[in-house]
Amino acid sequence: MSKILFKNCKVVDTSNEKIVKSDVLIEDGVILDALPSIDLKDVEIIDCNGNFLIPGLVDMHAHLREPGDEYKEDIRTGTMAAIHGGYVALVSMPNTNPPCDNRSVVEYILRRSKEEGNADVFPCGTITKRRQGEELAELADMAEGGAIAFSDDGSWVQSSGVMRRALEYSKFFGGIIISHPEDRTLTVRGVANESPFTIKLGLRGMPEEAETIAIFRDIELARLTKGRLHIAHVSSKGNIELIKLAKASGLNVTAEVTPHHLIFDEESLSNYDPVYKVNPPLRTRDDRHALLEALKDGVIDIIATDHAPHADFEKMDEFNSAPFGMIWLDLAFVVLYNELVVSGGMDLVRLTKVMSTRPAELLKLEGLGAIEKGYKASFFAFNPEAEITINREFIKSRAFNTPLYNSSMRGKVEWTVKDGKIYRF
Amino acid sequence: MDSQSLTKKDLLGLNELDREEIELILDTARSLREILYRPIKKVPTLRGKTVVNMFFEPSTRTQSSFDLAAKRLSADTVSVSTRGSAVQKGESLLDTLLNIDAMKADAFVIRHWASGAPHFLARYTKAAVINAGDGTHEHPTQALLDILTMQDRFGSIEGLDVLIVGDILHSRVARSNIFGLKKLGAKVTLSGPPTLLPEYFQDLGADISYDVDEAVKDKDVIMALRIQKERLEEAYFPSIREYRKFFGITIERLRKAKENAVIMHPGPVNWGVELDFDLLQERESLILNQVTNGVAVRMAVLYLFIKGEKES
């Protein structure tokens, strides 16, 4: 591959926490230099037109549905949606069919993403066999085969004993154990937050305490084992304090929040539109504000999308029967730029860090999270002025289950570069 | 007949109606009610209109009441239920609606086990959607007939002291009654075990009491709700016996209410659980008046919500 020079960029410099006018030179998928001005002849020049150049995003929580539910999404469509949204790497959740609970499924996912993938896929294996919460899956073998983390996502490991072993056992190969914190005995048939608002709607509640109890237990097990714990989709205010305390006492605990818990709350459910049905459920406005503050001050480490594609016919049902989840890969950055940067009091550098630098750090992915000499040539050009309409043509995911469907907004990923390969939109 | 009409397409719940709209339905029900006492119980008002009853949950009273109401007004009626329909073959709720809608219906009367099901369907049809009970959300026509029955007995709802006892958490009847009664100026008190009566219900403007003996004092209306035995499996309370002991309406408890207090119940009643059978010896029950008024209220609702030309 020959050299490419990106001129006239506003680079989001995550190391120095500022935005700098800069030129970026790449070769063979690697950044050769990023300097205020680079002048070279005989290289391909791409003009950024003064748009932001942002390090490629990393999603620690996505459902690609392959193998098993390819009618919802597959590795090709999911990773194309990712590239379209500025993501260059993502962690695929293991609640597939069959579940990713052994090395052969890990290797299958890696092979498929090599064949058809756009963004890089790092498989997450299950913690327990068949995701049943009873026996440990072959964690080390999966890790050797390429699994980057372990989670029974969609289910909490209800047995404290099994979770303890997972956190303890995974230390010898450095695995990350991801908890989906939900005490199921408190959320039986639940579909929405338990609150005065949802009581009025007659929707069966899932109290935030179901999450708090689970987080508290897992933090205590991390204390006992000194294991590596990551907490998925924190959704409410009360839990932030627990994570803060765990971090203050030196535990190796990190946490994520989804875009939907940052920008929507339970009041969106008044129409019973299942597009807003997610797990954990959308909580109160107060929770939403607290999550944003926790993200700003670093108690919550990263934004992970929980991209959860479902076919139209599945979501076009009454609220109780529709499945949980919404799609994000195509949209997360543009939407969060508008909601958090333009009107939420977060700066662009911070947003970039929680969507790129920090998740790359947590996953120990080399060469991602910054636009600097020696890093991967994986970044995207973001034009904050261009208008997009989120319709069937725009969305690259196979699914369309987002409340933002058919809405328009400003901000567009003009192109994404991944390991030197350019995708233009 | 009052020439006023409602602007809303659907009747989804009393929470979204204002006082005037509720009163219009009640006034209309009162004027249509006399048809039920004629020798020929039929008027041509909705001739040529089609009412589809879609019941995805078992129902005796509500389904036959809606069916009779439509027939009294000369509408054609069709029934779709879970059993014996394509729903059993796995047809989705939406497809079921769209297929019947394609046969050109004027109103869908929907009973469904899921809260919000009528709201969901209402977005996909131009026909009126009438909520005949959705999950644990609302049962607006039940509350309307309850309120009409109270009006018949007491003249006005304003200032009336109403107690609702039982499984409030899972009760669509309770929710609709709270919304409707509060809008018409009644005072509503709720009672039941705390597992079935979360404090959140205060936010709906009702008082809460976990002591039924206290709560029945000075009440005009005591409405008991059906206790479902399946709640036992989820540990909401330990036994039927214990429920009756602490929350059942017994003669002793009833004697603490106002002398002219009445007993109501949306049915079906578990005699000996939420209501003791022998209290009928002593006090007036309006349970069957409720049922008669049910037909009148549903005639009013169909009349007011079915748009287009109507014969008077």
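Colleague: What makes strand β1 and strand β3 of chain B partners, and which way do they run?

Modeller: Two strands pair if DSSP finds at least two bridges between them, and five bridges join β1 (residues 50–55) to β3 (residues 107–112) in chain B, so they qualify. The two strands run parallel, and Met54(B) stands opposite Ile110(B) in β3(B). Strands here are DSSP runs of E of at least two residues, helices are runs of H or I of at least four, and both are numbered from the N terminus. Do keep in mind that this is a predicted model, where local features need pLDDT of at least 70 and side-chain atom pairs pLDDT 80 or more, while totals for chains, interfaces and linings use all residues. Residues are numbered from 1 along each chain, chains are lettered from A, and side-chain values use heavy atoms, without hydrogens and water.

Colleague: Why do β2 and β4 of chain B count as edges?

Modeller: The open sheet has the order β2-β1-β3-β4. β2 (76–81) and β4 (128–134) each have a single partner strand, so one side of each is left without a neighbour in the sheet.

Colleague: How many residues of each chain are in contact?

Modeller: With contact meaning heavy atoms within 4.5 Å, 26 residues of chain B touch 20 of chain A.
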